[in-house]
Amino acid sequence: MTTNYSVLTNFGCHWTCPYCIVKNNNIGIAETNEHEVNKTIDSLIAESKLSFLSLSGGGDPLFQVDINRLNWYQSLSEMVHESGGEYELHTSYKYSLLNRHPVEFDRIVYHCQRKEDIKFIKRVKKEIARVVFVVQEHMDEKYIHDIVSLVHDSNVVTELSFRQCIDDNYQITKHLHDFLKSGHKQDWWYIEQDDYNNYIVNSKISHCYEDFKMKT
């Protein structure tokens, strides 16, 4: 039984990631309804179907975040941890209100666009810090090795992943595929790209991200 779930939050977004699956494929995730998400997660926990929950995005979870939303994120943390599960955040922000008003995450995954971003990541509490890079055309093997060195030298970041991009036709790209696969589970984790979570958008659950494409 799959017990990994990801809440696709949509409180808006900065729209600056050049590989954005939502923008480039016109998916249009529905606006987040906190009450509906709570009901969905409550049901999963009651049925012992949830052991891992992440906040990821149809928009960055920390976009224009305020205290009320951080309080909600913390309430989700308490729900998940009380049930014995793990709780994770995905974001492209290096600084936010989270640094002043921490939420209990087991891991924060920073989606970086430039290798230099690694230097600005700071631990919020005691969580694991992971960086993820979507492989882009400007990256070569030297660029990848530079990222590995920066992670090695960091006293905050301990995990590194690379994943392939989804193009404008919802197809997986293969840039540096053989090279990245050869280093998998050595200097990094390589995610070839797939729908590997069950996704939550309010009251709806699906294994396929594209199922949430809003009708126009």
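Leaving aside neighbours within four places in sequence, threonine 91 is in contact with Asp60, Leu62, Ile108, Val109, Tyr110 and His111. This comes from a predicted model. One of those partners gets a side-chain link as well: a polar contact of 2.9 Å joins threonine 91 to aspartate 60. Threonine 91 sits in strand β3, which covers residues 86-91.

Going along the sequence, they line up as β-α-α-β-α-β-β-β-α-β-α-β-β-β. Of the 216 residues, 51% count as buried. As for the accessible surface, the chain totals about 11000 Å², with 47% of that belonging to carbon and sulfur atoms. Sequence separation is worth a look too: taking contacts between residues at least 6 apart in sequence, 64% join residues at least 24 apart.

Then there is the helix pair α2 and α3. Two packed helices are described by the angle between their axes and the distance between the axes. For helix α2 (residues 34-46) and helix α3 (residues 67-82), the axes come within 11 Å and cross at roughly 5 degrees. Angles under 35 degrees count as roughly parallel, so α2 and α3 are roughly parallel to each other. On the α2 side, the contact is made by Glu34, Val37, Asn38, Ile41, Asp42 and Ile45, which meet Arg69, Trp72, Leu76 and Met79 in α3. Sorted by class, this contact has six nonpolar, one polar and three charged residues.

Definitions and conventions:
Residues numbered from 1 in each chain as written. Predicted model: local features only at pLDDT ≥ 70, side-chain atom pairs only at ≥ 80, totals over all residues. Heavy atoms only, no water. Helix = DSSP H or I, 4+ residues; strand = E, 2+ residues; numbered from the N terminus. Polar contact = N/O pair within 3.5 Å; in protein donor to acceptor, adjacent residues only side chain to side chain. Contact = heavy atoms within 4.5 Å. Buried < 20%, exposed > 50% of the residue type's maximum accessible area, 1.4 Å probe, protein only. Areas by Shrake-Rupley, 256 points an atom, 1.4 Å probe, with all protein chains shown as cover. Axes fitted to C-alpha atoms, helices over the stretch in contact; angles between N-to-C directions. Parallel < 35°, antiparallel > 145°, perpendicular 65-115°, else oblique. Nonpolar A, V, L, I, M, F, W, Y, C, P; charged D, E, K, R; others polar.
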